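This report describes selected features of one protein structure. Please keep the sequence and the model in view while reading.

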Amino acid sequence: MIENRSRFKVIPIDYKTLCEAHYYVLQNTTVVDPYMSKNEKWLQAEHKRSFSSWFKRKIETELARPENTILQQIRWLAHEPKREVLSYSGYGIGGYYYNTSDHDSRSTTQNSGVMVDAESLHMSTAKDKNPIYANMLYYGVIEDIWELNYTQFKIPIFRCKWVDNKDGVKVDENGFTLVDLNKEGDPNDQFIFASQAKQVFYVNDPNGGRWSVVLTTKPKLYDRGDVCDNIEETPSFIRGLPESNDIDNEDVAYVREDCEGIYVEEDTTSRKKRKRT
């Protein structure tokens, strides 16, 4: 998978937010699945509060045995990411180029809209003892683009503001999906892998009101080299103007062969949807 990125800043983030991002990585990484499944009932009660620390202790205990077969990836995941993250205003991955909402507010183009197909826990009532997992589409905007640093690899994630699916999403009589971007979903469930995102654009409903129409777009295909070539032309959405225009990546530093690697859960996300708790 090829990425291209804007210039970045190294910033510290608060420990609570770091823990939430780290928990998301663990919850959605294939090699951690055996540890999740063995403690599924316990996780339903404890979830974000304790699993990361439990996982760290568990791996440390297993590593103390001379005959352990712990993968290097699991070792570094158990150590948790560094407190400082690489923060970007723009990031290209999977054929899409994304910006943060702050960048979009200062630009004529809109590249911060995002959609994800997530596996969510559904309960019929608060007392439901047999909840089920089902897939659901979630819509939002990208607030931050970070790379978590696990020393031996980095994981690109998006911190998003999600629309509440109960009150903020509907389908009109013509089959168009409409969202109310002012209806915010769970603020404690913010993160996705960059590789899980699909780009969408939000257009004000011509009938007025608070609703926006969701428009999807096809990914662009990038070639490796000094410059990324747009093989398939798909324009960014230009605010208020139904005209085609290239993606606004004014600060993009295109990926070269000599760049350090970025770890992306590509195999995971192609088979396993994002989990929401």
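Predicted model: local features only at pLDDT ≥ 70, side-chain atom pairs only at ≥ 80, totals over all residues.

Does Phe-191 count as buried or exposed? The relative accessibility of Phe-191 is 3%, so this residue counts as buried, because the cut-off for buried is under 20%.

## Aromatic pairs

A pair of aromatic rings is described by the distance of the centres and the angle of the planes. In this structure there are 11 aromatic pairs. One of them joins Phe-51 and Phe-55: the ring centres are 5.8 Å apart and the planes stand at 20°, so this pair is stacked, because planes under 30 degrees apart count as stacked. Both residues belong to helix H4, which covers residues 51–63. They are 4 residues apart, about one turn of the helix, and both are buried.

A second pair is formed by Trp-146 and Phe-191. Here the centres are 6.1 Å apart and the planes lie at 40°, so the pair is tilted. Trp-146 is in strand E8 and Phe-191 is in strand E12 (residues 191–193), so this pair ties together parts that are 45 residues apart in sequence. Trp-146 has a relative accessibility of 5% and therefore counts as buried, as does Phe-191 at 3%.

## A threonine beside the tilted pair

Which residues does Thr-17 contact, leaving aside its neighbours within four places in sequence? They are Trp-146 and Phe-191, the two members of the tilted pair. Thr-17 itself is part of helix H1, which spans residues 15–27. With a relative accessibility of 15%, Thr-17 also counts as buried.

## Helix H1 against helix H4

Helix H1 also packs against helix H4. The angle between them is about 65°, and their axes are 10 Å apart. The crossing of H1 past H4 is left-handed. On the H1 side, the residues that meet H4 are His-22, Tyr-23 and Leu-26; on the H4 side, they are Phe-51, Ser-52 and Phe-55. The residues of this contact comprise 4 nonpolar, 2 polar and no charged.

Several of these names return in a cluster of rings. Ring pairs link Tyr-23, Tyr-35, Phe-51, Trp-54 and Phe-55. Among them, Tyr-23 comes from the H1 side of the helix contact, while Phe-51 and Phe-55 come from the H4 side.

## Two loop residues with positive phi

Where in the structure is Glu-80 found? Glu-80 sits in the loop between helix H5 (72–78) and strand E3 (84–88). Its phi is near 75°, a positive value in a residue other than glycine.

Thr-151 likewise is not a glycine, yet its phi is positive, at about 70°. The loop that holds Thr-151 runs between strand E8 (132–149) and strand E9 (154–162). The relative accessible area of Thr-151 is 43%, so this residue is partly exposed.

## Cysteines

A disulfide is a covalent bond between the sulfur atoms of two cysteines. How many disulfides does a search of the whole structure find? The search finds 0. Two cysteines may still be described by their accessibility. Cys-19 has a relative accessibility of 28% and therefore counts as partly exposed. Cys-160, in contrast, has a relative accessible area of 4% and is buried.

How values were computed:
Residues numbered from 1 in each chain as written. Heavy atoms only, no water. Buried < 20%, exposed > 50% of the residue type's maximum accessible area, 1.4 Å probe, protein only. Contact = heavy atoms within 4.5 Å. Phe/Tyr/Trp six-rings, centres within 6.5 Å; stacked < 30°, edge-to-face > 60°. Axes fitted to C-alpha atoms, helices over the stretch in contact; angles between N-to-C directions. Left-handed = near helix turned anticlockwise from the far one by under 90°. Nonpolar A, V, L, I, M, F, W, Y, C, P; charged D, E, K, R; others polar. Disulfide = S-S within 2.5 Å.
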